[in-house]
Amino acid sequence: MAFFDIFKKKQDTPPTGEQAQKQQEELSAGLEKTKTGLFSKLARAVAGRSTIDAGVLDDLEEVLISSDVGVETTVKIIRRIEERVARDKYMNASELQSILRGEIATLMEDAHGSSENFGLDATEGQPYVVMVVGVNGAGKTTTIGKLAAQLGKAGRKVWIGAADTFRAAAIDQLQVWADRAGATMIRQQMGSDPASVAFDTLTSAKANGADVVLIDTAGRLHNKVGLMNELTKIRNVMGKVIPGAPHEVMLVLDGSTGQNAFEQAKQFTQATQVTSLTITKLDGTAKGGVVIGISDQFHIPVRYIGIGEGIDQLRIFDRKEFVNALFGHEKN
Ligand SMILES: Nc1nc2c(ncn2[C@@H]2O[C@H](COP(=O)(O)OP(=O)(O)OP(=O)(O)O)[C@@H](O)[C@H]2O)c(=O)[nH]1
(Lines give C-alpha, C1' and ligand atoms only; values in the text may rest on other atoms or scores of the structure.)
Protein backbone atom coordinates (compact mmCIF):
# COMPACT_ATOMS: atom_id res chain seq x y z
CA MET A 1 0.00 0.00 0.00
CA ALA A 2 1.29 3.44 -0.82
CA PHE A 3 1.64 6.02 1.90
CA PHE A 4 -0.51 8.41 -0.02
CA ASP A 5 -3.39 5.93 0.15
CA ILE A 6 -2.78 5.32 3.82
CA PHE A 7 -2.93 8.99 4.51
CA LYS A 8 -5.69 10.11 2.18
CA LYS A 9 -8.14 7.25 2.48
CA LYS A 10 -8.08 7.31 6.23
CA GLN A 11 -9.09 10.91 6.51
CA ASP A 12 -12.49 10.87 8.18
CA THR A 13 -14.29 12.92 5.60
CA PRO A 14 -13.04 14.91 2.66
CA PRO A 15 -13.06 18.65 3.31
CA THR A 16 -16.33 20.39 2.58
CA GLY A 17 -16.39 23.27 0.09
CA GLU A 18 -16.06 25.71 2.95
CA GLN A 19 -13.11 23.84 4.53
CA ALA A 20 -11.40 23.51 1.18
CA GLN A 21 -11.74 27.23 0.63
CA LYS A 22 -10.34 27.91 4.10
CA GLN A 23 -7.38 25.64 3.37
CA GLN A 24 -6.70 27.44 0.11
CA GLU A 25 -6.85 30.78 1.90
CA GLU A 26 -4.39 29.59 4.53
CA LEU A 27 -2.07 28.38 1.82
CA SER A 28 -2.29 31.75 0.05
CA ALA A 29 -1.58 33.50 3.36
CA GLY A 30 1.40 31.20 3.97
CA LEU A 31 2.84 32.01 0.56
CA GLU A 32 2.00 35.71 0.75
CA LYS A 33 5.58 36.94 1.02
CA THR A 34 6.72 34.90 -1.98
CA LYS A 35 3.71 36.07 -3.94
CA THR A 36 4.16 39.75 -3.10
CA GLY A 37 7.87 39.60 -3.88
CA LEU A 38 7.34 37.89 -7.21
CA PHE A 39 4.53 40.17 -8.36
CA SER A 40 6.10 43.44 -7.38
CA LYS A 41 9.22 42.42 -9.30
CA LEU A 42 7.16 41.25 -12.27
CA ALA A 43 5.26 44.52 -12.30
CA ARG A 44 8.54 46.41 -12.40
CA ALA A 45 9.81 44.22 -15.24
CA VAL A 46 6.86 45.05 -17.50
CA ALA A 47 6.27 48.64 -16.40
CA GLY A 48 6.18 50.97 -19.38
CA ARG A 49 6.68 48.13 -21.85
CA SER A 50 4.15 47.09 -24.45
CA THR A 51 5.58 43.86 -25.87
CA ILE A 52 7.52 40.96 -24.46
CA ASP A 53 10.90 41.68 -25.96
CA ALA A 54 14.47 40.76 -25.11
CA GLY A 55 14.61 43.50 -22.47
CA VAL A 56 11.54 42.17 -20.67
CA LEU A 57 12.94 38.64 -20.80
CA ASP A 58 16.26 39.80 -19.33
CA ASP A 59 14.38 41.42 -16.49
CA LEU A 60 12.22 38.34 -16.04
CA GLU A 61 15.37 36.26 -15.75
CA GLU A 62 16.52 38.46 -12.89
CA VAL A 63 13.11 38.31 -11.24
CA LEU A 64 13.13 34.51 -11.25
CA ILE A 65 16.69 34.16 -10.05
CA SER A 66 16.11 36.64 -7.24
CA SER A 67 12.93 34.73 -6.30
CA ASP A 68 15.07 31.61 -5.73
CA VAL A 69 13.72 29.62 -8.63
CA GLY A 70 17.33 28.62 -9.36
CA VAL A 71 19.48 29.26 -12.41
CA GLU A 72 18.77 26.02 -14.31
CA THR A 73 15.02 26.30 -14.00
CA THR A 74 15.07 30.02 -14.76
CA VAL A 75 17.00 29.39 -17.98
CA LYS A 76 14.51 26.69 -18.92
CA ILE A 77 11.53 29.00 -18.34
CA ILE A 78 13.10 31.88 -20.26
CA ARG A 79 13.94 29.62 -23.18
CA ARG A 80 10.38 28.35 -23.37
CA ILE A 81 8.94 31.86 -23.30
CA GLU A 82 11.44 32.96 -25.97
CA GLU A 83 10.23 30.16 -28.20
CA ARG A 84 6.64 31.25 -27.72
CA VAL A 85 7.49 34.86 -28.43
CA ALA A 86 9.37 33.84 -31.58
CA ARG A 87 6.34 31.87 -32.76
CA ASP A 88 3.80 34.50 -31.84
CA LYS A 89 5.80 37.58 -32.88
CA TYR A 90 3.73 40.04 -30.87
CA MET A 91 2.98 39.29 -27.27
CA ASN A 92 1.62 41.92 -25.00
CA ALA A 93 3.69 42.58 -21.87
CA SER A 94 0.52 42.38 -19.79
CA GLU A 95 0.31 38.69 -20.75
CA LEU A 96 3.62 37.92 -19.07
CA GLN A 97 2.03 36.91 -15.79
CA SER A 98 -0.33 34.37 -17.31
CA ILE A 99 2.40 33.03 -19.60
CA LEU A 100 4.67 32.57 -16.62
CA ARG A 101 1.90 30.87 -14.70
CA GLY A 102 1.41 28.41 -17.56
CA GLU A 103 5.13 27.63 -17.79
CA ILE A 104 5.46 27.09 -14.06
CA ALA A 105 2.39 24.83 -14.00
CA THR A 106 3.86 22.74 -16.84
CA LEU A 107 7.25 22.48 -15.16
CA MET A 108 5.70 21.31 -11.91
CA GLU A 109 3.59 18.77 -13.73
CA ASP A 110 6.64 17.40 -15.53
CA ALA A 111 8.60 17.20 -12.29
CA HIS A 112 5.85 15.41 -10.44
CA GLY A 113 4.45 13.04 -13.03
CA SER A 114 2.01 10.98 -11.03
CA SER A 115 2.14 12.76 -7.71
CA GLU A 116 1.48 9.52 -5.86
CA ASN A 117 4.83 8.20 -6.94
CA PHE A 118 6.76 8.90 -3.76
CA GLY A 119 8.56 5.63 -3.30
CA LEU A 120 7.89 1.92 -3.08
CA ASP A 121 4.65 0.39 -1.93
CA ALA A 122 4.76 -1.53 1.34
CA THR A 123 3.73 -5.18 1.33
CA GLU A 124 0.17 -5.58 2.57
CA GLY A 125 0.14 -6.01 6.34
CA GLN A 126 3.62 -4.50 6.80
CA PRO A 127 4.29 -0.98 8.00
CA TYR A 128 5.17 1.72 5.50
CA VAL A 129 8.60 3.02 6.48
CA VAL A 130 9.74 6.58 5.90
CA MET A 131 13.34 7.56 6.54
CA VAL A 132 13.50 11.31 7.14
CA VAL A 133 16.75 13.07 6.25
CA GLY A 134 17.93 16.67 6.22
CA VAL A 135 20.29 19.03 8.03
CA ASN A 136 19.69 20.04 11.63
CA GLY A 137 17.25 22.90 11.88
CA ALA A 138 15.54 22.18 8.55
CA GLY A 139 12.41 21.15 10.42
CA LYS A 140 12.76 17.35 10.52
CA THR A 141 11.59 16.91 14.08
CA THR A 142 8.65 19.24 13.62
CA THR A 143 7.70 17.59 10.34
CA ILE A 144 7.79 14.11 11.87
CA GLY A 145 5.72 15.38 14.80
CA LYS A 146 3.08 17.00 12.61
CA LEU A 147 2.96 13.98 10.34
CA ALA A 148 2.57 11.59 13.28
CA ALA A 149 -0.23 13.75 14.66
CA GLN A 150 -2.08 13.88 11.35
CA LEU A 151 -1.70 10.15 10.79
CA GLY A 152 -2.76 9.39 14.36
CA LYS A 153 -5.85 11.51 13.89
CA ALA A 154 -6.60 9.53 10.76
CA GLY A 155 -6.56 6.33 12.84
CA ARG A 156 -3.12 5.07 11.93
CA LYS A 157 -0.69 3.36 14.32
CA VAL A 158 2.53 5.33 14.10
CA TRP A 159 5.99 4.35 15.34
CA ILE A 160 8.79 6.89 15.52
CA GLY A 161 12.49 5.99 15.68
CA ALA A 162 14.84 8.54 17.25
CA ALA A 163 17.86 7.67 15.12
CA ASP A 164 19.32 11.15 15.47
CA THR A 165 21.27 10.12 18.54
CA PHE A 166 23.77 12.96 18.59
CA ARG A 167 21.85 15.43 20.67
CA ALA A 168 19.88 14.54 23.76
CA ALA A 169 17.72 17.63 23.23
CA ALA A 170 16.72 16.39 19.76
CA ILE A 171 15.60 13.05 21.21
CA ASP A 172 13.62 14.76 23.97
CA GLN A 173 11.99 17.16 21.52
CA LEU A 174 10.91 14.26 19.35
CA GLN A 175 9.52 12.51 22.43
CA VAL A 176 7.31 15.52 23.17
CA TRP A 177 5.90 15.40 19.64
CA ALA A 178 5.43 11.62 19.81
CA ASP A 179 3.54 11.86 23.10
CA ARG A 180 1.37 14.65 21.78
CA ALA A 181 0.59 12.63 18.66
CA GLY A 182 -0.09 9.40 20.58
CA ALA A 183 2.70 7.69 18.64
CA THR A 184 5.11 5.11 20.05
CA MET A 185 8.67 6.29 20.12
CA ILE A 186 11.67 4.00 20.23
CA ARG A 187 14.82 5.59 21.61
CA GLN A 188 18.17 4.67 23.03
CA GLN A 189 20.88 6.52 24.91
CA MET A 190 22.38 9.59 23.34
CA GLY A 191 25.38 8.60 21.22
CA SER A 192 24.13 5.09 20.48
CA ASP A 193 24.26 3.61 16.99
CA PRO A 194 21.51 5.12 14.78
CA ALA A 195 21.22 1.88 12.82
CA SER A 196 20.55 0.04 16.05
CA VAL A 197 17.71 2.46 16.88
CA ALA A 198 16.27 1.93 13.39
CA PHE A 199 16.51 -1.84 13.87
CA ASP A 200 14.71 -1.70 17.23
CA THR A 201 12.03 0.62 15.86
CA LEU A 202 11.20 -1.53 12.86
CA THR A 203 11.25 -4.72 14.91
CA SER A 204 8.84 -3.24 17.45
CA ALA A 205 6.65 -1.68 14.74
CA LYS A 206 6.39 -4.98 12.87
CA ALA A 207 5.60 -6.97 16.01
CA ASN A 208 2.89 -4.51 17.04
CA GLY A 209 1.14 -4.11 13.72
CA ALA A 210 2.14 -0.49 13.10
CA ASP A 211 0.90 1.17 9.93
CA VAL A 212 3.62 3.74 9.49
CA VAL A 213 7.17 4.12 10.78
CA LEU A 214 8.94 7.48 10.72
CA ILE A 215 12.69 7.38 11.30
CA ASP A 216 14.47 10.59 12.28
CA THR A 217 18.12 10.75 11.28
CA ALA A 218 20.98 13.13 12.03
CA GLY A 219 21.87 15.33 9.11
CA ARG A 220 25.45 16.31 9.62
CA LEU A 221 26.85 17.52 6.37
CA HIS A 222 30.44 18.18 7.31
CA ASN A 223 31.56 14.99 5.67
CA LYS A 224 29.75 13.64 2.64
CA VAL A 225 31.28 10.16 2.79
CA GLY A 226 30.40 9.91 6.47
CA LEU A 227 26.82 10.93 5.78
CA MET A 228 26.55 8.47 2.93
CA ASN A 229 27.96 5.61 5.00
CA GLU A 230 25.66 6.34 7.90
CA LEU A 231 22.51 6.59 5.78
CA THR A 232 23.47 3.44 3.87
CA LYS A 233 23.99 1.56 7.11
CA ILE A 234 20.58 2.64 8.45
CA ARG A 235 18.89 1.69 5.18
CA ASN A 236 20.50 -1.72 5.09
CA VAL A 237 19.44 -2.52 8.61
CA MET A 238 15.85 -1.51 7.86
CA GLY A 239 15.74 -3.75 4.80
CA LYS A 240 16.77 -6.70 6.94
CA VAL A 241 13.82 -6.26 9.29
CA ILE A 242 11.22 -5.33 6.68
CA PRO A 243 12.13 -6.25 3.10
CA GLY A 244 11.73 -3.20 0.87
CA ALA A 245 12.13 -0.70 3.74
CA PRO A 246 12.60 2.20 3.68
CA HIS A 247 9.77 2.66 1.20
CA GLU A 248 10.35 6.36 1.10
CA VAL A 249 13.29 8.61 1.86
CA MET A 250 11.99 12.08 2.61
CA LEU A 251 14.38 15.00 2.45
CA VAL A 252 13.31 17.95 4.61
CA LEU A 253 14.54 21.32 3.38
CA ASP A 254 14.14 24.75 4.95
CA GLY A 255 12.55 26.82 2.18
CA SER A 256 13.64 30.07 3.78
CA THR A 257 17.28 29.25 3.05
CA GLY A 258 16.77 29.72 -0.69
CA GLN A 259 19.89 28.71 -2.61
CA ASN A 260 21.22 26.82 0.38
CA ALA A 261 18.28 24.45 0.06
CA PHE A 262 19.42 23.62 -3.49
CA GLU A 263 22.90 22.85 -2.17
CA GLN A 264 21.46 20.59 0.53
CA ALA A 265 19.31 18.80 -2.03
CA LYS A 266 22.44 18.19 -4.09
CA GLN A 267 24.41 16.83 -1.15
CA PHE A 268 21.67 14.53 0.07
CA THR A 269 20.72 13.20 -3.36
CA GLN A 270 24.37 12.30 -3.83
CA ALA A 271 24.54 10.62 -0.43
CA THR A 272 21.37 8.54 -0.72
CA GLN A 273 18.38 7.90 -2.93
CA VAL A 274 15.85 10.56 -1.98
CA THR A 275 12.28 9.85 -3.12
CA SER A 276 10.28 12.78 -1.76
CA LEU A 277 10.72 16.32 -0.52
CA THR A 278 9.18 18.32 2.28
CA ILE A 279 9.87 22.04 2.11
CA THR A 280 9.29 23.84 5.40
CA LYS A 281 9.00 27.42 6.63
CA LEU A 282 7.52 28.82 3.46
CA ASP A 283 5.33 31.10 5.56
CA GLY A 284 8.09 33.38 6.74
CA THR A 285 9.90 33.86 3.47
CA ALA A 286 9.80 35.38 0.01
CA LYS A 287 11.96 32.51 -1.23
CA GLY A 288 9.09 30.13 -2.05
CA GLY A 289 10.40 29.90 -5.62
CA VAL A 290 12.63 27.10 -4.30
CA VAL A 291 9.64 24.77 -4.51
CA ILE A 292 9.50 25.29 -8.27
CA GLY A 293 13.25 25.10 -8.86
CA ILE A 294 14.07 22.16 -6.63
CA SER A 295 11.31 19.89 -7.85
CA ASP A 296 12.27 20.72 -11.44
CA GLN A 297 16.01 20.41 -11.03
CA PHE A 298 16.06 17.23 -8.98
CA HIS A 299 12.94 15.62 -10.42
CA ILE A 300 11.80 14.58 -6.98
CA PRO A 301 8.17 15.19 -6.06
CA VAL A 302 7.32 17.54 -3.22
CA ARG A 303 5.11 15.66 -0.82
CA TYR A 304 4.55 18.22 1.91
CA ILE A 305 5.09 21.90 2.48
CA GLY A 306 5.27 23.67 5.83
CA ILE A 307 3.39 26.94 6.02
CA GLY A 308 3.42 27.51 9.77
CA GLU A 309 4.13 25.96 13.13
CA GLY A 310 0.65 24.47 13.68
CA ILE A 311 0.08 20.74 13.23
CA ASP A 312 -2.23 21.21 10.26
CA GLN A 313 0.14 23.70 8.69
CA LEU A 314 2.09 20.84 7.25
CA ARG A 315 0.18 20.35 4.01
CA ILE A 316 0.11 17.66 1.38
CA PHE A 317 1.58 19.49 -1.57
CA ASP A 318 -0.81 19.98 -4.45
CA ARG A 319 0.88 21.62 -7.41
CA LYS A 320 -2.35 23.11 -8.77
CA GLU A 321 -3.23 24.66 -5.41
CA PHE A 322 0.32 25.97 -5.16
CA VAL A 323 0.11 27.69 -8.54
CA ASN A 324 -3.32 29.05 -7.64
CA ALA A 325 -2.01 30.38 -4.35
CA LEU A 326 0.77 32.22 -6.16
CA PHE A 327 -1.07 33.46 -9.22
CA GLY A 328 -4.72 33.33 -8.21
CA HIS A 329 -7.34 31.10 -9.84
CA GLU A 330 -7.27 30.92 -13.58
CA LYS A 331 -9.87 33.08 -15.25
CA ASN A 332 -11.77 31.42 -18.05
N1 LIG B 1 7.17 29.18 10.64
C2 LIG B 1 7.47 27.89 10.50
N3 LIG B 1 8.34 27.31 11.35
C4 LIG B 1 8.64 26.00 11.19
C5 LIG B 1 8.06 25.22 10.14
N6 LIG B 1 8.57 23.96 10.24
C7 LIG B 1 9.43 23.97 11.30
N8 LIG B 1 9.47 25.19 11.87
C9 LIG B 1 10.28 25.63 13.03
O10 LIG B 1 11.66 25.46 12.70
C11 LIG B 1 12.42 25.17 13.87
C12 LIG B 1 13.35 24.00 13.61
O13 LIG B 1 12.60 22.85 13.47
P14 LIG B 1 13.05 21.43 14.00
O15 LIG B 1 11.98 20.50 13.67
O16 LIG B 1 13.52 21.50 15.39
O17 LIG B 1 14.30 21.16 13.07
P18 LIG B 1 15.16 19.83 12.92
O19 LIG B 1 15.52 19.71 11.50
O20 LIG B 1 14.55 18.67 13.53
O21 LIG B 1 16.41 20.27 13.71
P22 LIG B 1 17.14 19.51 14.87
O23 LIG B 1 16.12 19.13 15.87
O24 LIG B 1 18.09 20.55 15.34
O25 LIG B 1 17.79 18.37 14.18
C26 LIG B 1 11.41 24.98 14.97
O27 LIG B 1 11.36 26.15 15.75
C28 LIG B 1 10.08 24.79 14.25
O29 LIG B 1 8.97 25.23 14.98
C30 LIG B 1 7.14 25.87 9.24
O31 LIG B 1 6.63 25.30 8.28
N32 LIG B 1 6.89 27.21 9.47
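Phe 262 touches Gly 70, Gly 293 and Ile 294, leaving aside residues up to four places away in sequence. The model is predicted. Phe 262 sits in helix H11, which covers residues 259–271. Is Phe 262 buried or exposed? Phe 262 counts as buried, because 21 other C-beta atoms lie within 10 Å and the cut-off for burial is 20 or more.

Step back to the overall layout. The protein is divided into domain 1 (20–109) and domain 2 (126–325). Their C-alpha centres lie 31 Å apart. The contact takes 22 residues from domain 1 and 24 residues from domain 2. Which elements give two or more residues to the side of domain 1 that touches domain 2? They are helix H2 (17–30), helix H3 (32–46), helix H5 (71–88) and helix H6 (96–112). Of these, H6 gives the most to that side, with six residues. The residues on this side of domain 1 divide into eight nonpolar, eight polar and six charged.

Follow the chain onward from H6. Asp 121 lies in the loop between H6 and strand E1 (128–133). Asp 121 is partly exposed, because 15 other C-beta atoms lie within 10 Å; that count falls between the limits of 12 or fewer for exposed and 20 or more for buried. Thr 143 is 22 residues away from Asp 121 along the chain. The C-alpha atoms of Asp 121 and Thr 143 are separated by 21 Å.

Now look inside. The largest nonpolar core has 89 residues. Those with the most contacts inside this core are Val 129, Ala 148, Val 158, Ile 160, Val 213 and Leu 214. Domain 1 (20–109) and domain 2 (126–325) each contribute at least three residues to the core. Not counting residues up to four places away in sequence, Ile 160 touches Ile 144, Ala 148, Leu 174, Ala 178, Ala 183, Met 185, Leu 214 and Asp 216.

Strand E4 is the next stop. Val 212 is placed in strand E4, residues 212–217. Val 212 is buried, because 25 other C-beta atoms lie within 10 Å. The C-alpha atoms of Val 212 and Thr 278 are separated by 17 Å, and the two residues are 66 residues apart along the chain.

Turn to the ligand. How many residues surround the ligand? There are 19, and the closest are Gly 139, Lys 140, Thr 141, Thr 142 and Gly 306. Helix H7 (140–153) and helix H8 (168–181) each supply at least two residues of this shell. H7 gives the most, with three residues. By class, the shell around the ligand has three nonpolar, eleven polar and five charged residues.

The backbone also deserves a check. Most residues other than glycine have a negative phi, and most peptide bonds are trans. The peptide bond from Ala 245 to Pro 246 is cis, with omega near -5°. Pro 246 lies in the loop between helix H10 (224–241) and strand E5 (248–254).

Lys 281 is not a glycine, yet its phi is positive, at about 60°. Lys 281 lies in the loop between strand E6 (276–280) and helix H12 (289–298).

His 299 is found in the loop between H12 and strand E7 (302–306). His 299 counts as exposed, because it has 12 C-beta neighbours inside 10 Å, and the limit for exposed is 12 or fewer.

For residues 301–314, an unreviewed UniProt entry lists "domain: SRP54-type proteins GTP-binding". In the model, this span is 0% helix and 43% strand. The end C-alpha atoms of residues 301–314 lie 16 Å apart.

Terms used. Residues numbered from 1 in each chain as written. Predicted model: local features only at pLDDT ≥ 70, side-chain atom pairs only at ≥ 80, totals over all residues. Core = buried A, V, L, I, M, F, W, Y, C linked by C-beta atoms within 7 Å. Domains from an automatic or database assignment. Contact = placed C-beta atoms within 7 Å. UniProt positions renumbered as here; feature names shortened; annotations may be inferred. Helix = DSSP H or I, 4+ residues; strand = E, 2+ residues; numbered from the N terminus. Nonpolar A, V, L, I, M, F, W, Y, C, P; charged D, E, K, R; others polar. Near = placed C-beta within 6 Å.
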